[in-house]
Amino acid sequence: MRQDTRMKPESPGSQTVAAAAPLPATPADAISLRGVGHSYGDLQTLAAIELEAPAHEVLGLVGPSGCGKSTLLELVCGLQEPSAGTISVGGAIGAEARLARCAFMPQRDLLLPWYSAIDNAALALRNQGLGRREARAAAAGLFERFGLAGFEAARPDELSGGMRQRVAFLRTLIAGKPTLALDEPFAALDAITRAEMQEWLAAALRTDPRTVVLVTHDVEEALYLCDRVAVLSARVARIVAEIKAPNPRAADRDAAVTDLEFVHAREEAMRALREGSR
Amino acid sequence: MRRWLLPLGLIALLLAAWQVAASTGAIANALSLEDFLVPSPAEIASSLWENRGLLAENAWVTLKEILLGILCALVVGVGFAIAMHRSRLLRDASYPLIVASQAIPIVVIAPILTIWFGFGIGPKIVIIALICFFPITVNALDGLRSVDPESVKMMRSLDASRWQRFWRVEAPTALPNLFTGIKIAAVVAPIAAVFAEWAGADAGLGRLIQSDLANYQVARQFAAVAMLAAMALALIGLTALAERRVVTWR
């Protein structure tokens, strides 16, 4: 096991990386869900979901376990079609078209053990037809920028949990999609690493803004990382509240999450969550 | 070290016991047999040495049959596993047939194949491949089916085509299982080769064993059996070595 350098994200530079050039915000990157419902056979999981996220907004989805928030995320990504309603991602309506505009980061990092860290990060570029050398070169800049320099050749099992998650996030970012769909990205990490990773992700999104849908069961994480948080009820899941985060992705996380406004927002979200799970 | 010493020690112990029991005539007396029907390990070893040219010649014939048989089973089995993984219909339709193929008594089928295809190497390869097909196909299919569906979703959203998903995720996931299948195939292949040769052959270790049986050449027969066992061990060893070279992430 290598030593985790526990590097703080370096203050985001202005340099851009070809593979993940920050895309200018266009209304075309907005997400909208209209009357979305979903069932597995007879089991209805989602009903009448209405959501809007303008371009480069980070939208949080919180809800009780098993309420269908991960399903909702897969629907947005185009990994599945909803049973009812329409979803538009940057104007794309069909599942395949949505999938082309979304990069999905699953709950577990799912780094492929037969690839080095950098080859895992560059997976999308290889899929898009780049040669191994070009793909690595494009990913190398991001390794540098996101505190992973020196670990390019490491096998996934040589990395700490936090570093694996960083590589998994870079893999999602490098795909160059306008929309990122993150499914509880830090759920498997310990509290300290999780807080570090939240700061890291906040910094990453400040430099490289994207439209993001973030599923989490952690209200604090949602309110720190997201511009807006939608609270889902227990199954059949509906949206019971939408809460605006007071100071999203603040550079000083500790100060931000203890701020009075933040605490109020968190209480409001918790209340909605409690009422929704009844 | 321990991995080698323990089994070698056990083999040495068994050989020693056999040596004593055979050379004192204890086994032959107990079974009321002539002494020459119960060769001692030393006699078998000297037969192995005296007949080394003949044994090597016949071993080479059998080894060729085994290698070609396993190769055929590998090509057809992996192809079949991939096709069955792709198509639910094909899997449901052919799985019982594949299980049934394993129940075919080769003792019965081997002479028929020899009548159909003659005394050449062809029917031997078919019989060995038939036996090796099952462990290879079933293990490869299990490996392909053990792929994490979340990985597939992740790859789809990272613009992977069907083939890219196969080569970058499914194939590497299935490799360790495939190697397990090959190892099982390597163990059963020599047995299949002996049956295939008994059904009609002009060379090979199985053929030699058969004619030695008729001529009471028991020591040489045991020597041929020892060579077959050594062949199986070598094949497994080589497969394990290849696995370690290829599956470096375990």
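**Exercise 1.** Determine which elements of chain B have the lowest and the highest mean pLDDT.

*Solution.* Among the elements of chain B, the lowest mean pLDDT, 85, belongs to helix 2 (residues 26–30), and the highest, 95, to helix 4 (residues 52–86). Here pLDDT is the predictor's confidence in each residue, from 0 to 100, and helices are DSSP runs (H or I, at least four residues) numbered from the N terminus. Chain B averages a pLDDT of 91, and 100% of the residues score at least 70. The model is predicted: local features need pLDDT of at least 70, side-chain atom pairs count only at pLDDT 80 or more, and totals for chains, interfaces and linings use all residues. Residues are numbered from 1 along each chain as its sequence is written, and chains are lettered from A in the order in which they are written.

**Exercise 2.** Describe how helix 9 of chain B packs with helix 11 of chain B.

*Solution.* Step 1: helix 9 (residues 162–198) and helix 11 (residues 218–246) of chain B pack at an angle of about 170°, their axes, lines fitted to C-alpha atoms over the stretch in contact, being 8 Å apart. Step 2: helix 9 of chain B is therefore roughly antiparallel (over 145 degrees) to helix 11 of chain B. Step 3: the residues that meet (C-beta atoms, placed from the backbone, within 7 Å) include F179(B) and I182(B) in helix 9 and L228(B) and M231(B) in helix 11.

**Exercise 3.** State how many residues each chain gives to the contact of chain B with chain A.

*Solution.* Chain B gives 14 residues and chain A 18 residues. On the side of chain B, the largest share, 6 residues, comes from helix 8 of chain B.

Note on methods
Axes fitted to C-alpha atoms, helices over the stretch in contact; angles between N-to-C directions. Helix = DSSP H or I, 4+ residues; strand = E, 2+ residues; numbered from the N terminus. Parallel < 35°, antiparallel > 145°, perpendicular 65-115°, else oblique. Contact = placed C-beta atoms within 7 Å.
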